[in-house]
Amino acid sequence: MTALTPAIWGTTYLVTTELLPPGRPLLAAVIRALPAGLLLVAVTRRLPTGVWWWRALVLGALNIGVFFALLFVGAYRLPGGVAATVGAIQPLLVALLSAGLLGERLSPRTVVAAVAGVAGVSLLVLRADARLDAVGVAAALGGAAVMALGVVLSKRWQSPAPLLATTGWQLVAGGLLLLPVALLVEGAPPATLTTANLAGYAYLTVIGAALAYALWFRGLRLLSATKVTFLGLLSPVVATALGWLVLGQELAPVQVLGAVVVLAALVVAQLQPARTLTAKPRVLAGKES
């Protein structure tokens, strides 16, 4: 169920390029987050109480607001392959933060799987002529870091409220933080929107945010933060597959190899650690043997 979230996020590139107005990524982020959050809050009719006012703001900023803003900077200053490769370091960051903040064991297998995930994503999306930009790389790294911290804190701070309510609080907080940034950078929304534009925004709001984030935070309640974040490696795989199936983009053998490496790293990260079995003495006729 949790894996559906990064699979849905992997459709964002297709929806953005085919249905949304060009050059308005921050507007798309606001429309993706804020209406979905308000919808979930209206359905659940629950507002934060006590410490959850500031916790919802912090988590909304890390998981949505600041993350989307840095993602926007990285996407504009770097080729998509570079941004995706840098972002693939997130599972390793989550594993390190989980060891420090959640007391989870950092195993060599997790580290190897994280490194393999970065390598697989680079094979999948990175191009030989990709250029590097210091600000863009810093933004991509910052985006991976803030969402990694948001994932770990979402696991550490377990809300007593229903899942949909907690999800709605974060989406509203993130959307409100993004709104002034979008207006400052991109200006007012377009005066007219086509049917395709409205369909694209509706998809991002209902499916890409309300449903996807609810499944994501549900996963964080049931699984370890490290296992959940490894599932995020599915996004570039789904995006590449849709580009090939729907847009007719070329799929080279090295990309297929990258997808296989990513999926292998994902599976290895989900495996349960082997348990050491301790033999118990058998009792025969009331005597130990």
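This is a predicted model: local features need pLDDT of at least 70, side-chain atom pairs count only at pLDDT 80 or more; totals for chains, interfaces and linings use all residues.
User: Why is T167 called buried?

Analyst: A residue is termed buried when its relative accessible area is under 20%. T167 has a relative accessible area of 0%, and it is therefore classed as buried. The residue is found in helix α9, which covers residues 163–186.

User: Which residues is T167 in contact with, leaving aside its neighbours within four places in sequence?

Analyst: With those neighbours left aside, T167 is in contact with L40, Y213, A214 and F217. Contact here requires heavy atoms within 4.5 Å.

User: How do you know that the span of helix α12 agrees with its number of residues?

Analyst: The expected span is 1.5 Å times one less than the number of residues. Helix α12 has twelve residues, 234–245, and should therefore span 16 Å; the C-alpha atoms at its ends are 16 Å apart, so the two values agree.

User: Which residues of α12 are buried, and what do the buried residues pack against?

Analyst: The buried residues in α12 are L234, S235, P236, V237, T240, L242 and G243. They pack against α1 (4–9), α2 (12–19), α7 (108–125), α11 (225–231) and α13 (253–270).

User: What makes a space a cavity, and how many of 30 Å³ or more does the search of the whole structure find?

Analyst: In a cavity, a 1.4 Å probe fits but cannot get out. The search of the whole structure finds one cavity of 30 Å³ or more. The largest cavity holds about 100 Å³ of space.

User: Which residues line the largest cavity, and which element gives the largest share?

Analyst: The lining consists of W52, L59, S154, W157, Q158, S159, L163, T166, T167, Q170, F217 and R221. Two or more lining residues come from each of α4 (52–77), α9 and α10 (195–222). The largest share, four residues, is from α9. By class, the lining of the largest cavity has five nonpolar residues, six polar and one charged.

User: What is known of the second largest pocket, and which residues are the closest to its centre?

Analyst: The second largest pocket contains about 290 Å³ of space. Among the 15 residues that line this pocket, R105, S107, R109, T110 and K227 are the closest to its centre. Both α7 and α11 supply at least two residues of the lining, and α11 provides the largest share, three residues.

User: How do the residues lining the second largest pocket divide by class?

Analyst: The lining of the second largest pocket comprises six nonpolar, five polar and four charged residues.

Conventions:
Residues are numbered from 1 along each chain as its sequence is written. Side-chain values use heavy atoms; hydrogens and water are left out. Buried means under 20% relative accessible area, exposed over 50%, partly exposed in between (1.4 Å probe, protein chains only). On a 1 Å grid over the protein atoms alone, a cavity is a set of points where a 1.4 Å probe fits but cannot get out, and a pocket is an open set with protein on both sides within 12 Å along at least five of seven lines; lining residues have an atom within 4 Å of a point. Grid points are joined across faces, edges and corners, and a volume is the space filled by probe spheres set on the points. Ala, Val, Leu, Ile, Met, Phe, Trp, Tyr, Cys and Pro count as nonpolar, Asp, Glu, Lys and Arg as charged, and the others, Gly among them, as polar.
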